[in-house]
Amino acid sequence: MDITESVINVTDVDVKIGTAEILHKISASAGQGMFVGIIGPNGSGKSTLIYCMSRTLNPTTGKILIIGEEIEKYSRKELAKMLGVVPQESTRTFDFSVDDIVMMGRYPYQKLLRPPESHDREACQKAMALTGISHLSGRSISTLSGGEWQRVLIARALAQETPLLLLDEPISQLDINHQIEILSVLQSLTRQGSTVICVIHDLNLASQYCDEIIMLDQGTVYAVGTPHKVMTPENIRAVFGLDVLIKTHPTTGKLYLLPIYHKRPIKNGGRKVHLICGGGSGTEIMFALHAAECNVSTGILSMNDADYSTSIQLGIPCIAEPSFSPITDVSRSLLEESIGTADLVVFTSMPFEQENVDNLRIVSECCNKPILLVTDCFSKSIENCMAGEAAEIVNRMIADGQAAMVTSIEALDQCLGKEYSS
Amino acid sequence: MGNIRALNTTISVVSYRWMLIIVLSAIAVISAIVCTFIGPSNICGIQIMETMETSKMSLILTQIRLPRVITAFIVGGGLAAAGAAMQGLFRNPLADPYVIGTSSGGALGAAISLVIFHSYLLPLAAFCGACSSTIIVYIICRQNGKVAVETLLLSGIAISLFCSAMLSFLMYISGDDLHQIMFWLMGGLWNATWDKVRIGLLIIPAIGVLFFTVRELDILSLGDDEASSLGVNTERIKIVLLAVTSFITGIAVSLSGSIGFIGLIVPHMVRSISGSSFRFLLPISVLAGGILLMWADTLSRTFMNDMPVGIITAFFGAPFFIYLIRRRMWT
């Protein structure tokens with residue numbers, strides 16, 4: 001982006017405190033009307049970058065331009081008319097009223113000894129209305145909750161009426177409705193031409209609201225660009241050390257992240273496993289096997305089954321039938337083939353409807369591989385969780401030594417570790 | 001509707017504070033008159049007309065009591081204003097010229113000028129002493145731009161102890177000046193004269209300077225970083241405030257010795273009735289501090305055989321200080 005176009009332009013900023021290098025060669029910029037999010041793990045330098053941008057901290061080397069002018073050239077008052085800052089936390093030493101605090105945002109505009117003028121009052125009232133704290137007018141700040149206090153600080157920055165707003169985790173203490181309310185207010189300000197730079201911890205909210213995201217890691221810019229470009233599973237894993245699924249929000253079309261919980265509970269990966277599941281009973285095991293880099297296949301599943309969408313999400317091959325239709329010969333032969341190449345066949349405890357009983361029958365008829373029945377349900381009593389033909393088949397398989405029962409993913413893991421001769 | 005109601009509340013709160021200022025001003029004037037006529041030599045109302053004729057009585061009134069009452073008001077008001085400003089500057093409600101060692105520094109400066117220069121340039125010496133001890137305390141307890149309460153109190157104690165050691169040493173070698181130095185230590189108004197009042201008048205423009213900084217004081221109490229981001233030139237305002245508060249304290253000490261706790265107690269009491277905004281806290285503190293010291297001095301010279309008023313303020317101030325510390329610990 002052209003330097004003259006951008007409201008703020010940071011070039012090669014280094015910050016050293018003592019021997020520790022907090023920021024290293026940071027370059028970033030934000031054009032007019034942009035909503036820029038800064039994300040990154042704790043200690044990655046997000047707050048320090050905000051400090052530099054607000055001249056709270058002078059960078060060791062590097063240059064920061066605000067509207068084409070070097071930040072040091074501004075007087076404090078001029079700068080306060082250019083950028084408003086919402087700090088991460090603010091101590092309440094003395095007991096001011098909410099109105100006093102918001103009016104402090106008008107300081108750069110006020111003349112010595114003159115009382116606030118009508119446009120100062122109007123700016124304050126507008127800021128308080130936007131942040132939804134009009135009802136707090138006249139209250140003393142010591143009576144406010146953490147979230148209310150945070151909104152007062154945001155109102156104060158809005159009262160400054162600056163073209164650029166810097167916010168350091170402004171919504172971390174707010175309830176979810178107020179988080180969205182505040183971010184929406186900030187977004188509407190960007191629509192009116194303001195520029196917002198905001199440190200956000202919540203990656204989902206960041207991708208919902210930000211036009212551009214700066215991802216920091218250990219004091220450097222790891223990635224920068226649109227949420228689609230920055231919020232990739234690879235980046236998140238590299239920076240946050242977390243495996244996530246990236247999905248599209250059903251109503252906004254923006255990205256949202258789902259963390260993959262229970263990271264790698266299975267240590268004995270690498271085997272070929274066929275999983276027979278249904279009704280969501282296989283989801284957890286499917287994730288675990290997939291994360292352990294097992295060669296997983298699944299089926300036969302109905303296409304309206306929760307486990308079916310999980311397998312699609314994870315990219316696991318799945319033998320599927322359209323909803324409410326019987327198992328076809330094609331599927332049957334696919335299942336036989338899949339079982340034939342597997343090291344192990346795993347059953348989960350599932351509702352044994354006709355389709356699943358069919359699965360069970362096919363397996364019991366043609367399988368010469370070890371079969372594991374996973375979950376608590378099997379361990380209690382087979383008759384309790386299935387009836388009729390299903391119970392009969394399972395009992396026979398166990399009696400023949402063809403199948404064994406395990407009651408947890410850990411036990412399944414142990415079984416995976418054993419060598420089975422086929 | 002909500003906005004109108006809020007506006008009305010704001011207006012009523014503001015006018016309530018203006019009422020406070022007016023009422024306290026009236027009380028100050030009345031107190032000054034009453035205090036002038038109260039004293040160990042009984043001059044009652046009926047005698048006024050006659051006493052004006054007797055030179056002795058009129059001498060007591062105009063040459064002894066009136067300057068003393070005026071000095072008490074100026075010193076009390078000045079110390080309260082300095083205390084309020086220091087609390088904003090140090091961002092800490094426990095700061096005051098006495099607690100953080102400014103008064104002791106002033107007393108030391110005064111004693112040095114007494115012993116070495118024979119009271120020549122005494123106000124200047126008291127001012128320099130007050131300034132340097134404040135700056136030393138400030139440098140000691142400033143860390144990463146923050147002033148922590150523990151270090152503030154501890155370094156204040158350290159500087160006070162150091163100053164009193166120096167004072168003891170000066171008293172030890174002073175000989176004839178011993179009594180004079182004792183006076184600075186205890187704090188009293190008994191040698192107030194019109195000459196002293198003239199020096200004391202210097203406090204008034206200094207308080208005036210503080211009035212120019214009320215908005216900055218409000219914002220400064222939020223912290224340096226926030227104050228800067230709101231457009232306050234924090235370093236400059238700090239220098240101004242340190243200089244002005246040390247000046248006021250130095251003058252006050254040179255007039256009346258180190259009178260403790262006025263600067264701590266008065267802003268505290270005022271804050272509970274006027275709120276924390278310095279716009280009102282400062283003028284109301286000046287009035288309340290002046291009234292308080294006027295009456296404390298009147299009580300001491302009338303009923304306590306002219307005991308140094310510093311003893312009275314410390315007697316009541318120290319327990320109040322302990323109460324404040326305890327209350328901070330509870331919250």
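Colleague: Are H9(B) and H12(B) roughly parallel or antiparallel to each other?

Modeller: In this predicted model, H9(B) and H12(B) run roughly antiparallel, because their axes cross at roughly 155° and an angle over 145 degrees counts that way. The two helices cover residues 203–212 and 234–256 of chain B, and their axes come within 10 Å.

Colleague: Which hand does the crossing of H9(B) and H12(B) have?

Modeller: The crossing is left-handed. On the H9(B) side the contact is made by B:Ile203, B:Ala206, B:Val209 and B:Leu210, while H12(B) brings B:Val244, B:Phe247, B:Ile248, B:Ile251 and B:Ala252.

Colleague: Let's switch to chain A. At what angle do H10(A) and H11(A) pack?

Modeller: At about 20°, with the axes 10 Å apart. Angles under 35 degrees count as roughly parallel, so H10(A) and H11(A) are described that way. H10(A) spans residues 283–291 and H11(A) spans 306–314, and the crossing is right-handed.

Colleague: Stepping back, what is the radius of gyration of chain A?

Modeller: Chain A has 30 Å, whereas a compact globule of 422 residues would have a value near 22 Å. The C-alpha trace spans about 95 × 45 × 35 Å along its principal axes.

Colleague: How many helices and strands does chain A have?

Modeller: Chain A has 17 helices and 18 strands. Of its 422 residues, 42% count as buried. Among contacts between residues at least 6 apart in sequence, 65% join residues at least 24 apart.

Colleague: I'm curious about A:Ile38. Is A:Ile38 buried or exposed?

Modeller: A:Ile38 is buried, because 28 other C-beta atoms lie within 10 Å and 20 or more is the cut-off. A:Ile38 belongs to strand S3 of chain A, residues 35–39.

Colleague: What is A:Ile38 in contact with, leaving aside neighbours within four places in sequence?

Modeller: With those neighbours set aside, A:Ile38 contacts A:Lys46, A:Leu49, A:Ile197, A:Cys198, A:Val199, A:Ile214 and A:Leu216. As for A:Pro170, 132 residues away along the chain, its C-alpha atom is separated from that of A:Ile38 by 12 Å.

Colleague: Now the two chains together. How many residues of chain A are in contact with chain B?

Modeller: 29 residues of chain A contact 26 residues of chain B. On the chain A side, helix H2 (76–82) and helix H3 (98–104) each supply at least two residues. H2(A) gives the largest share, 4 residues. The chain A side divides into 11 nonpolar, 13 polar and 5 charged residues.

How values were computed. Residues are numbered from 1 along each chain as its sequence is written. Chains are lettered from A and ligands numbered from 1 in the order in which they are written. This is a predicted model: local features need pLDDT of at least 70, side-chain atom pairs count only at pLDDT 80 or more; totals for chains, interfaces and linings use all residues. The radius of gyration is taken over C-alpha atoms; the globule rule is 2.2 Å times the number of residues to the power 0.38. A residue is buried if 20 or more other C-beta atoms lie within 10 Å of its own, exposed if 12 or fewer, and partly exposed in between; C-beta atoms are placed from the backbone. Two residues are in contact if their C-beta atoms, placed from the backbone, lie within 7 Å. Ala, Val, Leu, Ile, Met, Phe, Trp, Tyr, Cys and Pro count as nonpolar, Asp, Glu, Lys and Arg as charged, and the others, Gly among them, as polar. Axes are lines fitted to C-alpha atoms, for helices over the stretch in contact, and angles run from 0 to 180 degrees between N-to-C directions. Angles under 35 degrees count as roughly parallel, over 145 as roughly antiparallel, 65 to 115 as roughly perpendicular and the rest as oblique. A crossing is left-handed if the near helix is turned anticlockwise from the far one by less than a right angle, and right-handed if clockwise.
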